[in-house]
Amino acid sequence: MKLETHCHSSVASVCADVTDEQIINTYKSLGYDAIILTNHINWYWKEGYPRTSYKDKVDYFINRYNQLKTLANQKGLKVFLGAEVVTITQSGVHQEFLIVGFDKEFLYSNDLVYTCTQTKLFEIANQNGLFMWQSHPYRVGEERGDPKYMHGAEAFNCHFHHDNNNPQATEFCNENSLIKMSGSDYHHGDQPVFAGIYIPDDIQTEKQLANFLLANQPRLIVDQERCIIEREKYIKSEKNL
Ligand SMILES: [Zn+2]
Ligand SMILES: [Zn+2]
């Protein structure tokens, strides 16, 4: 099964402008079988969500997942629930981790909105059987985490708005025996998508997916050359504005 591991949807991720229909069309047309929806758990929960209580905010986050999943399943695309969580760093520099293997009940009982350092999030992940991997560990302006407190990291992230320094990220994973992941960090309709992993066809649930990733290095979809080309094209188009 060809799986996108890093995808956002509007408006659960305020930074994303892709509709559910666009997400489904994009991934179906590129031959993906499944995606992990990894909407942000960050300040959006405090300021961007049209609800007030923490429980209501969880419901909103989960509803956006359920809406996409229902529509996607009709078109033959699987959707797994995931999240991208901001962690607190001593330096104050931005840092995010992706998690999969949880459900609504987990979020009800674990408020992750600016409550965790990397170490704390890893402890919670291990207590609950989640797979946790760092998003774009070498992206310019972000802080690489401690390899002792993560299961894996993105060796490849092809979001063309950023300098992700994938070769360093790959080396970091290799040196620290971390599970290497690949994801597009999809946010925008015009964003090129060419990352992901392959997983066994019989994986049906988030728990099964987390268990597989905790125990196996998946086959990665990586195209570093295209990453450089798309990044250069993007920088050029920005300058022409
Ligand atoms: Zn975002
Ligand atoms: Zn992301």
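Predicted model: local features only at pLDDT ≥ 70, side-chain atom pairs only at ≥ 80, totals over all residues.
Strand β4, which comprises residues 78-86, pairs with strand β3, made up of residues 40-41, in the parallel sense over two bridges. A parallel arrangement is also found between β4 and strand β2 (residues 34-37), where four bridges join the two strands; within this pairing, Lys 78 in β4 is the bridge partner of Ala 34. With strand β5 (residues 96-100), by contrast, β4 pairs in the antiparallel sense, over five bridges, and here Gly 82 stands opposite Val 100 of β5. Eight of the nine residues of β4 are buried, so this strand is largely enclosed by the rest of the structure.

The largest nonpolar core contains 64 residues, of which Ile 35, Val 85, Ile 99, Met 132 and Ala 153 touch the most other members. The greatest contribution to this core comes from strand β4, which gives six residues. When neighbours within four places in sequence are left aside, Ile 35 is in contact with Leu 3, Glu 4, Cys 7, Tyr 27, Leu 77 and Val 79.

Two loop residues were also examined. Asn 42 lies in the loop between β3 and α2 (44-48), and it counts as buried because 21 other C-beta atoms lie within 10 Å, where the cut-off for a buried residue is 20 or more. Although Asn 42 and Glu 84 are 42 residues apart in sequence, the distance between them in space is 8.3 Å, C-alpha to C-alpha. Cys 116, for its part, is placed in the loop between α4 (104-109) and α5 (118-127), and Cys 116 is likewise buried, with 21 other C-beta atoms within 10 Å. Beyond its neighbours within four places in sequence, Cys 116 is in contact with Val 85, Thr 87, Ile 88, Leu 121 and Ile 124. Cys 116 and Phe 131, which are 15 residues apart in sequence, are 16 Å apart in space from C-alpha to C-alpha.

Helix α8, spanning residues 224-240, has 17 residues and reaches 25 Å from its first C-alpha to its last, a value close to the 24 Å expected at 1.5 Å a residue. This helix is hardly covered, since one is the count of buried residues among its 17, whereas in strand β4 eight of the nine residues are buried.

Conventions
Residues numbered from 1 in each chain as written. Chains lettered and ligands numbered in written order. Expected span 1.5 Å × (residues − 1). Buried ≥ 20, exposed ≤ 12 C-beta atoms within 10 Å, placed from the backbone. Core = buried A, V, L, I, M, F, W, Y, C linked by C-beta atoms within 7 Å. Contact = placed C-beta atoms within 7 Å. Pairing = 2+ DSSP bridges.
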